[in-house]
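Have the sequence and the structure open side by side.

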Amino acid sequence: MKIITTKNYEELSKKAANIIAAQILIKPECVLGLATGSSPIGTYDRLIKYYEDGDLDFSTISSVNLDEYRGLGPDDDQSYNYFMNEHLFSKVNINKERTFLPNGLEKDADKACNDYNNTIEHIGGIDLQLLGLGHNGHIGFNEPDESFPISVHCVDLTPSTIEANTRFFENEDMVPKQAYTMGIGNILNAKKILVVVSGKDKAEILNTVINGPVTPLVPASILQLHKDVTFVIDEDAASKLEK
């Protein structure tokens, strides 16, 4: 495990973008695992700038996203498909036919999950997976549980996750209560994992993830077992790390 501490969110975003850009330059046909939420927005902004400056080419990469709300389609402005288009896909020269997310409109949960597992397998696996960190230790929408879910599955979102996502909706009642998400096994199969964590509100859970026991009650703690994981964190997020 590698931990890179930066002064602030802007520096964090630059460092994370540099790691992703290096992956693309080393392997132009790579598969990126992408994440949504507030944490990676700065990273995506920096990657867009590299593209606009002519320093980065997205034309031959593929991408698979961690998750999608169940019941939301790509045209819904709160869907993760919409988010990715707004914050990255529409601003770089990525081939949209090689960008993949779970089908939030598929009502048959088993089919939606099986289809996305097959997509990840057929695309050849993930070279670099980008992750954020939830306040309860979730990665993707893998919530605290009694066991680690292995493959893509439909999850009931916890009250804390629903509350955290309320800021993106008009009110809490409008927040979807379920999502399709990659499982822990899908994530751990990535060759490299990059985790971005910012803010004092993430400091306590970050310390638990890095220094606590590996337990499904803190899903991100499983990252301790991955052979190539890098945490890029700011000073606020690092403030409670045990030395």
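Start at strand β7 (residues 153–156), where His153 and Val155 form a covered face, while Cys154 and Asp156 form an uncovered one. In a regular strand, side chains alternate between the two faces of the sheet. The model is predicted, so local features need pLDDT of at least 70 and side-chain atom pairs count only at pLDDT 80 or more, while totals for chains, interfaces and linings use all residues. Residues are numbered from 1 along each chain as its sequence is written, and side-chain values use heavy atoms, leaving out hydrogens and water.

Strands here are DSSP runs (E, at least two residues), as are helices (H or I, at least four), numbered from the N terminus. The partner of β7 is strand β8 (residues 178–181), and the two run antiparallel over four bridges; pairing requires that DSSP finds at least two bridges between two strands. Look for Asp156 again: its bridge partner in β8 is Gln178.

Next comes an open sheet of seven strands with parallel pairing, in the order β1-β10-β9-β6-β2-β3-β5. At its edges lie β1 (2–6) and β5 (99–100), each pairing on one side only. Within the sheet, β2 (residues 31–34) and β3 (residues 62–65) are joined in parallel by four bridges, and Leu34 has Asn65 as its bridge partner in β3.

Finally, find Glu11 in helix α1 (residues 9–26). Glu11 counts as partly exposed because its relative accessibility is 35%; that class lies between buried (under 20% relative accessible area) and exposed (over 50%), using a 1.4 Å probe and protein chains only.
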